[in-house]
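Please look over the sequence and the structure below before reading on.

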Amino acid sequence: MSVSLRLSRGGSKKRPYYKVVVANSRSPRDGAYLEQVGTYNPLLAKDDANRVRLVEDRVRYWLGVGAQPTDRVARMLDKAGIKERTPTVNPAKGEPGKKAKERAEDRAKKIAEAEEAKREAEEAAVAAAAAPAAEEAPAEEAAAEQAEG
């Protein structure tokens, strides 16, 4: 029989209260358990002494006979100094997915194209502003010839 240290939920709707229990890993979350070894009240402040209460010698006994704590209970045991937990590292946790990366690349490409088009338009406007002053006289002569013709 595989045994686990896990949380069993109690309390009313939106007011959770958990028992830290030793249970058969195949039994339901709030089903039968072998022994209650502590409590956890998430509504209390994090620095409150009554937030997590554990019967340390029973927890050590069950860990000694092979009980496996769930991740949340392992965090509590680590904080209480009963069993050290190696932190898990997920470097890709905050990284966007494949489609989000593609959308970001497309957006960056469109922004770059828009900036380039804007820069070309500004250059053309500057060139057009400089060119008519130089070409203004021949343009007036051509307009006068067409009016006479």
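On one side of helix α1, Asp57 and Gly64 are exposed, where exposed means over 50% relative accessible area, buried under 20% and partly exposed in between, with a 1.4 Å probe and protein chains only. The model is predicted, and local features need pLDDT of at least 70 while side-chain atom pairs count only at pLDDT 80 or more, although totals for chains, interfaces and linings use all residues. Residues are numbered from 1 along each chain as its sequence is written, and side-chain values use heavy atoms, with hydrogens and water left out.

Helices (H or I, at least four residues) and strands (E, at least two) are DSSP runs, numbered from the N terminus. Helix α1 spans residues 56-64, and within it Val59, Trp62 and Leu63 are buried. These three lie on the same side of α1 because they cover an arc of only 100 degrees around the axis, the arc being that of the directions from the helix axis to the C-beta atoms. The buried residues of α1 pack against β1 (3-12), β2 (15-24), β3 (35-40), β4 (52-54), β5 (68-69) and α2 (71-80), with contact meaning heavy atoms within 4.5 Å. Just after α1, Gly66 takes a positive phi of about 105 degrees.

The strands of the model can be described next. Five of them form an open sheet of mixed pairing, in the order β4-β3-β2-β1-β5, where two strands pair if DSSP finds at least two bridges between them. Since β4 and β5 stand at the edges with a single partner strand each, one side of each is left without a neighbour in the sheet.

Five bridges join β2 to β3, and these two strands run antiparallel; Tyr18 has Tyr40 in β3 as its bridge partner. Both helices pack on this sheet, as the table sets out, with angles that run from 0 to 180 degrees between N-to-C directions and axes that are lines fitted to C-alpha atoms, for helices over the stretch in contact.

| Helix | Strands touched | Angle between directions |
|---|---|---|
| α1 | β1, β2, β3, β4 and β5 | about 120 degrees with β3 |
| α2 | β1, β2, β3, β4 and β5 | about 100 degrees with β1 |

Strands β1 and β2 also run antiparallel and are joined by 10 bridges, with Ser8 standing opposite Lys19 in β2. They form a hairpin with two residues between them, and Lys14 in the turn has a positive phi of about 65 degrees.
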